[in-house]
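Subject: Structure for you to look at, with notes

Dear colleague,

My notes on what was found follow it.

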Amino acid sequence: MSGRDPFCQPRRIRRGAALTLLFTSVLVAGAATGSLPQADRKSAPDEARSAEQAGRHADVARAAEEAMAHGKSPMEAAKRAVSRSGDRWGAVYSQGEYEEFEESLDGQYTGVGLWARSERDGRIEVTKVRSGSPAATAGIRPGDLLRSVDGEKADGRPVTEVVSLLRGDADDATAGTTVRLGLERGTRAWSETLRRARLSTDPVSVREVAGSVTVIRVDTFTKGSGDRVREAVRRAPRGAGIVLDLRANSGGLVAEAVTAASAFLDGGLVATYDVDGEQRALHADPGGDTTRPLVALVDGGTMSAAELLTGAVQDRGRALVVGSRTFGKGSVQMPSRLPDGSVAELTVGHYRTPSGRGVDGRGITPDLETDDGALQRAETLLRGLAGPS
């Protein structure tokens, strides 16, 4: 993640010299990348952890090299090494899969139109279904469990692998090809055969509600979404409060989340993070709107880059956060190229909010915790904060 935005070019990753860092999330696209600045300084207490992380990368690379030398699959050997490492967010992608993930971050993908996440017990839960998609037409709902894809068991797999199966990346599946899903809802278990479709993401939607409130919903941080948030804030009626709805936002491009934060902050710190012990920082652009009342709406599906944004506006005193505790995915991944062209992605560090809070495994606690009618509570709060217009 340098100034030339290498996240959009993962196929150029060199083995042993990764060009990007990733905040992995459970986007329907799979891995999500983000742009991060240069290193600041190294913190001595992190040296032991840095050595451990470097060791994991070396172990995975060594396993792949040894497999290739013996005529075996480097990718499969790397997957086994990642599994042994205990890295919850570690994953291995084929070259084609990684290029597909890149494409989806540009807003286009071939799939069935569902979002999923891995529960702590290893089960894969559907978190969102795109309206009008093959999954929606088949009646799949958020909360359903995805137990298998084309006969391959889903439980215990990294969610990125499950997404790859759904998309048919290994076979370069195109729109119109079929995929068979094993599903579970309560006591009911059934299967559905869906036809993949060419889908486009529309991650930012804006609507006005009575009482001088503008609701900006961000589903994922794909390319251009940060600027769309800033434009929505600029176009909001004079005096209108803003509800920034980040519920079920599974993350995405970190650079876009920082751009979105710049809509509400006049420069300053958005987050800090460490990579192999190197301490670094993300800053908002100056000139954001710091006067409008702002409520950020979150839930257990708010993850990764969306949590980074939430923590920034909460710690900086810019927003009241309403909803339920966020997921708690605050780790940084770095990819490296393996001998056969596949990509191994391993955790190398964690980010913190401006006040120094760690997010990974903890999540962010809202200022006002509520499950039912969260959006209505947020709108009511904003009307009170904004006053008459």
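Helix 3 and helix 5 are roughly perpendicular to each other, a label that covers angles of 65 to 115 degrees, whereas angles under 35 count as roughly parallel, those over 145 as roughly antiparallel and the rest as oblique. Before going further, please note that this is a predicted model, in which local features need pLDDT of at least 70 and side-chain atom pairs count only at pLDDT 80 or more, while totals for chains, interfaces and linings use all residues. Residues are numbered from 1 along each chain as its sequence is written, and side-chain values use heavy atoms, with hydrogens and water left out.

To return to that pair, helix 3 covers residues 95–105 and helix 5 covers residues 159–167, and they pack at about 85 degrees with their axes 11 Å apart. Helices (H or I, at least four residues) and strands (E, at least two) are DSSP runs numbered from the N terminus, and axes are lines fitted to C-alpha atoms, for helices over the stretch in contact, with angles running from 0 to 180 degrees between N-to-C directions. From helix 3, Glu97, Glu100, Phe101 and Ser104 meet Thr160, Ser164 and Arg167 of helix 5, where contact means heavy atoms within 4.5 Å. The residues of this contact divide into 1 nonpolar, 3 polar and 3 charged; here Ala, Val, Leu, Ile, Met, Phe, Trp, Tyr, Cys and Pro count as nonpolar, Asp, Glu, Lys and Arg as charged, and the others, Gly among them, as polar.

Helix 5 also holds Leu166, which counts as buried at 4% relative accessibility (buried is under 20% relative accessible area, exposed over 50% and partly exposed in between, with a 1.4 Å probe and protein chains only). Leu166 lies 13 residues from Val179 in sequence and 6.8 Å from it in space, C-alpha to C-alpha, and among the residues that Leu166 touches, leaving out those up to four places away in sequence, are Val112, Leu114, Leu146 and Val179.

A second pair of helices is arranged in another way: the axes of helix 6 (residues 225–235) and helix 7 (residues 254–262) come within 7 Å and cross at roughly 10 degrees, and the two helices are therefore roughly parallel to each other. On the helix 6 side, Ser225, Gly226, Asp227, Val229 and Arg230 meet Glu256, Thr259, Ala260 and Ser262 of helix 7, and by class this contact has 2 nonpolar, 4 polar and 3 charged residues.

Ala248 lies in the loop between strand 15 (241–245) and helix 7; although Ala248 is not a glycine, its phi is positive, near 60 degrees, and with 14% relative accessibility it counts as buried. Ala248 is one of the contacts of Lys128, whose others, outside four places in sequence, include Trp115, Pro142 and Asp219. Lys128 itself belongs to strand 7 (residues 124–129) and is buried at 12% relative accessibility. The side chains of Lys128 and Asp219 are joined by a polar contact of 3.5 Å, that is, a pair of N or O atoms within 3.5 Å, of which, within protein, one must be able to donate a hydrogen and the other to accept it, residues adjacent in sequence counting only if both atoms are side-chain atoms.
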